[in-house]
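Me: I would like to learn how to read a model like this one, feature by feature. Where do we begin?

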Amino acid sequence: MIQTTASSSHAAELPSVISLDVALKANELFHTCPYSSLRNVHCRFHEGVLILSGEVPSFHMKQTAQELIRHVLHVEQIDNRLVVAR
């Protein structure tokens, strides 16, 4: 639970803790995904934007990856940089 009465030193650390938690959660979703072609997707999170990177076999899998993490808490926007392998 986030405390609103945190001292200024704790408040400065809060965004990086949230970023780490969001990135870990998103990466875990991909690593345990039933679609083996999405298990190597890598996620980074910065200022509300979840950035997806890696390679997928089809446009459908690129869209599926985006839908998989659409409801992760604190994600305001998804930057889908997945490359479709040809």
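This is a predicted model: local features need pLDDT of at least 70, side-chain atom pairs count only at pLDDT 80 or more; totals for chains, interfaces and linings use all residues.

Me: Where is Glu-47 found?

Reply: Glu-47 is in the loop between β1 and β2. The two strands form a hairpin with two residues between them.

Me: What about phi of Glu-47?

Reply: Phi of Glu-47 is positive, about 50 degrees, although the residue is not a glycine. His-74 is another case: its phi is near 80 degrees, and His-74 is not a glycine either. His-74 sits in the loop between α2 and β4. At 39% relative accessibility, His-74 counts as partly exposed.

Me: Let us step back to the whole chain. How many helices and strands does the chain have?

Reply: Two helices and five strands. From the N terminus on, their order is α-β-β-β-α-β-β. Of the 86 residues in the chain, 31% are buried.

Me: And how far along the sequence do contacts reach?

Reply: Take the contacts between residues at least 6 apart in sequence. Of these, 56% join residues at least 24 apart.

Me: Now the sheet. How do strands pair in general?

Reply: Strands of a sheet pair through backbone hydrogen bonds, either parallel or antiparallel. In this model, three strands make an open sheet in the order β1-β2-β4, and the pairing is mixed.

Me: Which strands stand at the edges?

Reply: β1 (42–46) and β4 do. Each has a single partner strand, so one side of each is left without a neighbour in the sheet. On average, neighbouring strands of this sheet are turned by 20 degrees against each other, direction ignored.

Me: How many bridges join β1 to β2?

Reply: Five, and the two strands run antiparallel. Strand β2 covers residues 49–53. For a landmark, find Arg-44: it stands opposite Ile-51 in β2.

Me: Which residues of β1 are on the covered face, and which on the uncovered one?

Reply: Cys-43 and Phe-45 make up the covered face. His-42, Arg-44 and His-46 make up the uncovered one.

Me: Next, β4. Is Asn-80 buried or exposed?

Reply: First place it: Asn-80 lies in β4, residues 77–80. The cut-off for buried is under 20% relative accessible area. Asn-80 has 15%, so it is buried.

Me: What does the side chain of Asn-80 reach?

Reply: It reaches the backbone oxygen of Lys-62 at 3.2 Å. A polar atom of the Asn-80 side chain also lies 3.1 Å from the backbone nitrogen of Leu-82. Leave aside neighbours within four places in sequence, and Asn-80 is in contact with Leu-52, Lys-62 and Gln-66.

Me: Lys-62 keeps turning up. Where is Lys-62 found?

Reply: In helix α2, residues 59–68. Lys-62 is buried yet has no salt bridge. The nearest side chain of opposite charge is Asp-79, 8.3 Å away. A salt bridge needs the charged atoms within 4 Å.

Me: What polar atom lies by the side chain of Lys-62?

Reply: The backbone oxygen of Leu-82, 3.1 Å from a polar atom of that side chain. So much for polar atoms; now contacts. Not counting residues up to four places away in sequence, Lys-62 touches Val-56, Asn-80, Leu-82 and Val-84.

Me: How many salt bridges does a search of the whole structure find?

Reply: Two. In one, the side chains of Glu-67 and Arg-70 meet at 2.9 Å, N to O. In the other, Arg-81 meets Asp-79, with 2.9 Å from N to O.

Me: How accessible are Glu-67 and Arg-70?

Reply: Glu-67 has 45% relative accessibility and counts as partly exposed. Arg-70 is also partly exposed, at 45%.

Me: And Arg-81 and Asp-79?

Reply: Arg-81 counts as partly exposed at 44% relative accessibility. Asp-79 is partly exposed at 25%.

Note on methods
Residues are numbered from 1 along each chain as its sequence is written. Side-chain values use heavy atoms; hydrogens and water are left out. Helices (H or I, at least four residues) and strands (E, at least two) are DSSP runs, numbered from the N terminus. Buried means under 20% relative accessible area, exposed over 50%, partly exposed in between (1.4 Å probe, protein chains only). A polar contact is a pair of N or O atoms within 3.5 Å; within protein, one must be able to donate a hydrogen and the other to accept it, and residues adjacent in sequence count only if both atoms are side-chain atoms. Contact means heavy atoms within 4.5 Å. Two strands pair if DSSP finds at least two bridges between them. Axes are lines fitted to C-alpha atoms, for helices over the stretch in contact, and angles run from 0 to 180 degrees between N-to-C directions. Lys and Arg count as positive and Asp and Glu as negative; His and the chain ends are not counted.
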